[in-house]
Amino acid sequence: MRWKLNSSVYKRVPSRETAMEPDVETPMRMPEAAGTGPSWRMSLPHVCVATLTSFLFGYHSGVVNEPLESISTDLGFAGNTLAEGLVVSICLGGAFIGCLFSGSIADGIGRRRAFQLSALPMIVGAAISALTNSLEGMLLGRFLVGTGMGLGPPVASLYITEVSPPSVRGTYGSFVQIATCLGIIVSLLIGAPVKDIDRWWRVCFWVAAVPATLQALAMEFCVESPQWLYKCGRTIEAEMQLEKLVGPLNVKSAMAELSRSERDDGESVKYSELFYGRHFNVVFIGGVLFALQQFSGINSVFYFSSTVFRGVGVPANLANICMGISNLSGSIIAMVLMDKLGRKMLLSGSFLGMAFAMGLQAVGANRQYLGSTSVYLSVGGILLFVLSFSLGAGPVPGLLLPEIFPNKIRAKAVALCMSVHWIVNFFVSLLFLRLLEQLGPQVLYTIFSSVCVVAAIFVRRHIVETKGKSLQEIEVSLLQAQ
């Protein structure tokens, strides 16, 4: 199935400012193509503030890894594996709920206010977790944090895509993955003294409230998304925000580009409308892409790599450091290459690299015949898998989907597709150890490797290249594709 979006069903909604709208069939470009476009420096501060959400996502994902034993001892549920598992995984439930509502919130109150709203449960949840003296309080705090974790990243993907110049949009999109990696690494560093300092785990949670508070305050000084303002019919405000992002000389051409996108004109797209008709193809592709990302086995590697490393004699701390370095290195390389090689090449190459790496782990699982060689294959396979993931499969979907979704459905469609991510993440994490026990590592890793090959084929057949194109050019080209 290729792109089959019939342009005849995508009639433009009449604009309230029809006098300034050009013919949608006329190709237009901002002056950037001539070398006089907006400077990337103007949008950089706004993007950096937005990526604090991703830093928090990474921090809260790893904050309980080291302190979990101390938390369980202090709160009286040491030895209760179910309770310990809930402390780690209850964030997933909160994240699913936050993600599911993120589209409606981002469309209803705007991107800036949505960021501030996502910071609120992270601040309150971190405070409750730091102050609690019971398991119930810890679970409540972690659940609240999870809702913020689910709400923030989809809004960040939307916002960064909508405020970034086309020439550096891929680079800025990679900031999300880099910030997530940094959050995980910082959480591991902050948690390191937990076994030496009594109740240090409470400090770990208090630290998380700092960047959340900083983002809530800094968003007051950031621009609102011109895409959202224009979609709501607030043309003058959109023009004012564009001036802050592209400069006075480029505002007119930027507004001309913006006028090519669809507007709501008071009509709200319902979630049910994303499952049929003209919107279904792009939403289906986005949902499948996130499902394949999770079915590749990436979170089984992140969550259970310590078990694999310990099984071959590598200490857990060293394993976490190696994983963090591998993840961060790949993310930095992706940042450099995203606007040079393009999204499609990085994504397909990433999945193929993951397939090869998972194959190494499947071979390495045969310790009976390989002996000590299996150790190198297993450890090398895990590190190569994480590196390959961070080169494309990690950062690209969150950047690509806001690019290919029309302005009218962008927020809700991103929220729906990222909800698929959380659902599949939950089931893979829940069933991994059981499947590992029932099928054995060779069979399970072979399945993961096969999924990565299928994902690479899917990308080659169904994903379009968006490198260097404005959002309006992408939208018009997709809507006119037969």
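How many of the 16 residues of H12 are buried? The answer is 12, leaving H12 mostly covered; buried here means under 20% relative accessible area, with exposed being over 50% and partly exposed in between (1.4 Å probe, protein chains only). Before going on, keep in mind that this is a predicted model, where local features need pLDDT of at least 70, side-chain atom pairs count only at pLDDT 80 or more, and totals for chains, interfaces and linings use all residues. Residues are numbered from 1 along each chain as its sequence is written, and side-chain values use heavy atoms, leaving out hydrogens and water.

Back to H12, which covers residues 280-295. Helices are DSSP runs (H or I, at least four residues), numbered from the N terminus. Among its buried residues are Val282, Val283, Ile285, Leu289 and Phe290, and also Gly286 and Gly287. The end C-alpha atoms of H12 sit 22 Å apart, which agrees with the 22 Å its 16 residues should span at 1.5 Å a residue; that expected span is 1.5 Å times one less than the number of residues. Just after H12 comes glycine 297, with a positive phi of about 95 degrees.

Now look at H10 (residues 235-246), where Thr235, Ala238, Gln241, Leu242, Leu245 and Val246 are buried. Seen down the axis of H10, these buried residues fall within an arc of 120 degrees, so they line one face of the helix; the arc is that of the directions from the helix axis to the C-beta atoms. An α-helix has 3.6 residues a turn, so residues three or four places apart point the same way. The cover over the buried residues of H10 includes H1 (40-50), H6 (135-163), H9 (226-231) and H11 (251-258). Just after H10, glycine 247 also has a positive phi, of about 90 degrees.

Arginine 199 has a positive phi too, near 60 degrees, and it is a residue other than glycine. Most residues other than glycine have a negative phi. You'll find arginine 199 in the loop between H7 (169-191) and H8 (200-218), and at 45% relative accessibility it counts as partly exposed.

Finally, a helix pair: H4 (residues 81-109) and H19 (residues 410-439) pack at an angle of about 175 degrees, their axes 8 Å apart. H4 and H19 are therefore roughly antiparallel, a label for angles over 145 degrees. The contact (heavy atoms within 4.5 Å) includes Leu92, Phe96 and Leu100 of H4 and Met418, Trp422 and Phe426 of H19.

Methods. Axes fitted to C-alpha atoms, helices over the stretch in contact; angles between N-to-C directions. Helix = DSSP H or I, 4+ residues; strand = E, 2+ residues; numbered from the N terminus. Parallel < 35°, antiparallel > 145°, perpendicular 65-115°, else oblique.
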